[in-house]
Amino acid sequence: MGDSVGLALLFPFLGFLFNALLSRAFPRGLSGIVASLAVGLSFVVALTTFLALSALPGSQQFHAVTLWTWLVAGDLNVRIGLLVDPLSSLMLLVVTGVGFLIHVYAIASMHGDPGERRFFAYLNLFVLAMLVLVLADNFVLLMAGWNGVGLSSYLLIAFWFERDEAARAGVKAFVVNAIGDVGLLLAAFLIFVSYRTLDYDQVFKAAGAGGAVLTAISLLLLLAAVAKSAQLPLYVWLPDAMAGPTPVSALIHAATMVTAGVYLIARTHPIYTQSPEALGIVATIGALTALFAATVGLVKPNIKRVLAYSTVSQLGYMFLGVGVGAFGAGLFHLTTHAFFKALLFLAAGGAIHALGGEEDMRKMGGLRARLPLVYWTFVVGALALAGFPLFSGFWSKDEIITATFAGPRANPTLGVVALVTALLTAFYIFRAVFLTFHGKPHHHLSLSEHFHAPGPVMTVPLVILAGFAVVAGYVQVLGGSFGHFLQPVFNRYGPHEVAVALNPGLLAASATLSVVGIVLAYVVYGGDQALARRLGYQFAWLHQLLLNDYYIEDLYRLVIVRPVLAVAGFVGETFDRVVVDGAVGGVVAMVRYSGAALTIVQTGNLRGYGLGILTGAVVILAYLSYLGGWGG
Amino acid sequence: MTVYPLLTLLVFLPAAGGVLTLFYHREARQAAQATAAVVAGTTLLLAGWLIAVFPAGVAGMYFEERLPWVPGLGIEYHVGVDGINVLLVGLTALLGFVTVIAPWPSVNGRAREYAGYLLLLQAGVTGALVALDLVLFFVFWEFMLIPMYFLVGTCGGPRRIEAALKFFIYTSLGSLLMLIAIIALYLFNGQQTGTYTFNVLALADAKVPADAQLWLFLAFALAFAIKVPIVPFHTWLPDVYTQSPVTALVLGTMLVKVGSYGFIRFGLTLFPEASHQLAPVIAALAVVGILYGGLAAIGQRDLVGVLAYSSIAQLGFVILGIFALNRQSIQGALFQMVNHGLSAGALFLIAALILARTQTTSLDRLGGLAQSQPVLAGFFLISMLSAVGLPGLNSFVGEFLILMGAYQTLPALAVLATLGVVLTAIYLLTLYRKTMHGEAASPDRAALTLTLSQRERRLDLTPRESIALVPLVVLFVWLGLFPAPFLSKMDASVAAVVQRTQIAQPMRASSEVGDYRSPSQPPTPDPYPPKEGGLVWRLPR
């Protein structure tokens, strides 16, 4: 059964090739259809794989597929090999499922863009890279997918390249990710030096023996995960990444890219579980990022930016989950988040599309009446994100919070942070709901006939995603089947309990916090917003602090970016020319101005000079012949 | 089956073609182009055949040819290929072909010179790569300077004379010391064994005492270090690259690779102990080059300037791989030489196309080209990504093997070099952004676009330009996805070299470095003992 999984890679690859090379010969509208079809077929493969796998007993759920041998040098042997197991098949399902809906949505939202073909080529490349990432059975192929999603995100963020800000945001995303790639490279080196292999299976088996090196490997992998999943302190690329088209944001935030860090930690859990210190750092980074991004999300005026910070914050939850050893809970939240975050982005995209590209919530307002479907689906997404009782985010977030308080590696302090963040989350997302859809319409397009209400190609994916955002949580609650399905993965290299029993007290607490957050948002933003303005004046310093991300970006600019550029400019233009070259220049000058013997040089007579070289060579040869004659 | 002297053809076919075109009429641009294309094309086919039939998993020389040249001195015409140089020979033929079929720069009516020098450069580089006799090597080594010197000096930019002169003085200085070392080694070996020979394979077994080895190695190393170039001997390169005709650099990048090749073929093979002793120092300089070149590239404001410093940084990876002295790193280094030839070749070609369209390479004046030149932008993108080391494309394989190998012997340096990967991403993506992305809106740029449409009357790549770029891009993907067949052609020869440096250093416990434990093949002694006056042509089994 595992053999067919290669098809899941083949379809997006063919879609990419079609749109990159051939689509010019066809009508432009075809590119989106082909791209969607490619991912749709991948989804079918994913679904069959998933179903076939769940029918098998746990011990038989691991299939390796080797496509070809990639690198051979000395005792290093790396294959293009795929691993089909419950974890990768789950990721496969999420990536292709949510990815497919986003592709379909993009057919409508990107219609008429002059770069439509290029867009869908990149979109398929993105899905392909992500699938390589989750299916790889060794660290080098993982790296291929890992860098591949970094590349695709660069291409898509900078898609509207004629805008300088988009081009710069793309480069920023790539460079920050490259810093993470260094972590992955060094981790791979350390793994190879320690175990003489880079195959997951052999590495994980060997890791069972423990050792201090595992902490180092874990921390290097963490560097990669932090960059890719936009955690502190490398989150800076993600908020800027919204310079790309909205479907790209949805893809980056939900289906591909940012979830890779969480996946990496879950995949390498046999390494992490050997290092409580590393896991502790993962949990701490997660909790701090969750809180940090939620506070920043409270004040941002741009709707996509609010969603971007919410992604950073929710990924923080996932890191917290895997950091306290609740890998299943982290992946559960990853899955529910994929649905509701894709939904939120696409619904927000509907509003933005309707207003001709307006993203500033202060200029929106009152869209509920004109966009009822977009409104309701956005609210469903918001309720799921806020952890409103019985919506999907409620169950998955609660599982993480429960594990943080009561799991095997419980850390109540971080648990409190997670609860506070839950309150903030409910508040900021409903601030977005009220600002965008309630109140008075502020935009001049809101009432005009230029208002673009989204058609069925955009709304059907919204409704489907909304359905999943509601029900995805019950997969876990009713049958407990989610954790159960993943259990074999986490038991393979030593027993490790992933399922956490939900705690009624914590459920009640987080439900209450969620409701309180929504009510508070209504109080502040539901009416005429006088209170919001008053708070803004009263706590102006706090408002500025949050609006500027605690000045982290400015700090980077001051401490890293500017000095590096200054040094580079100095080295490249002054130092190398003047100091290093000076010595040589001196020699040349001396040759030039000393002695008439070298006047040819000054006359620039090149033929004469070339003749000189040849003569020199002949003299040397003659000398050697003479030497030989004399010696022989 | 008839046996042909394949390597001789690869060297002397372009040489003959080059000499021939130099005698063409001044105005015979078409004829010069046609001759160059036919000669380079034929050579490429022969080189392709060479690579196709070259067997995997064997050390030792193939297609060896051996003729006495100055018998009294033991100087021979002795050429051959093994896993170390076979791919480089093929690469030279490919880049030579790409250079001559690519659109020619306006060379001020000097088409015959341009064609002639290009072909002679190809001949010189190929000769230096296949020579197994030190004198023969030295002759080719010196010879290849001449066409490059003239290419820069006659067809180059405004400061071409100064640049050509600097290049010449700089590299001659290194060559002089190398020549002295060659003679010293020859005499020493002669006195010791009674056989006076310049045969590299025989000299490899000369028992040179450690202190003498050190000095001889240093003399060779200086010549190679200037050529590669290793920081701080690099300052000729930015001048030459920015002043030479940009298209010629597609092949011109092969010149520097003879330097890095020399380190393996002569440095490591002839002086294993000294190599081992100085490896950390040279590797450290290489890492300085990676970081320094990367930083300087970020600071450049000229397209060709960025590529020039990028070459310094990329060759730093190669040198690091060579002097990490293990199988992964040296295979990576060899593979990376090929990769750099392909990706830098493509980038220089693209720079030449940009120059032809906009009449400038200044990054302050370029921008937004992707709007009017989407196909050019696509080629630029994939070439840039190849150079960045994106997995799935060629350079990743080399870079990964180099760094992975280096991490096993010189971990601290490897970690620093890995940081260089970030610098590469910064300068190449910024380069791409500044040329292709953004608005083409400033009055200056608008004027350029206008000149373009009036001058060239074309929007994007011509078929000929695409044909020149396509083989390079195909190889990016091919070598990136299926490098194993190519790596296996090098494997045994590299293992033999590594083995030598290990035997030379018994002090170093084999357990210290895992990689040294078990090369798949024992070191191969010279499989073909010298035959007096014989001509040895061998086909692979």
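Chain A contains 27 helices and 2 strands (DSSP runs numbered from the N terminus: helices H or I of at least four residues, strands E of at least two). The model is predicted, and local features need pLDDT of at least 70, while side-chain atom pairs count only at pLDDT 80 or more. Residues are numbered from 1 along each chain as its sequence is written.

**Exercise 1.** Determine which residues of H19(A) are buried and where they lie around the helix axis.

*Solution.* Step 1: helix H19 of chain A covers residues 456–471. Step 2: its buried residues (under 20% relative accessible area, 1.4 Å probe, protein chains only) are A:Met458, A:Thr459, A:Pro461, A:Leu462, A:Leu465, A:Ala466 and A:Ala469. Step 3: viewed down the axis of H19(A), the buried residues fall within an arc of 160° (taken from the directions from the axis to the C-beta atoms), so they line one face of the helix. Step 4: the cover over these residues includes helices H3, H15, H16 and H17 of chain A.

**Exercise 2.** Describe how H14(A) and H18(A) are arranged relative to each other.

*Solution.* Step 1: the axes of H14 (residues 303–323) and H18 (residues 412–437) of chain A come within 11 Å and cross at roughly 160°; axes are lines fitted to C-alpha atoms over the stretch in contact, with angles from 0 to 180 degrees between N-to-C directions. Step 2: H14(A) and H18(A) are therefore roughly antiparallel (over 145 degrees).

Technical notes
Chains lettered and ligands numbered in written order. Heavy atoms only, no water. Expected span 1.5 Å × (residues − 1). Buried < 20%, exposed > 50% of the residue type's maximum accessible area, 1.4 Å probe, protein only. Contact = heavy atoms within 4.5 Å. Parallel < 35°, antiparallel > 145°, perpendicular 65-115°, else oblique.
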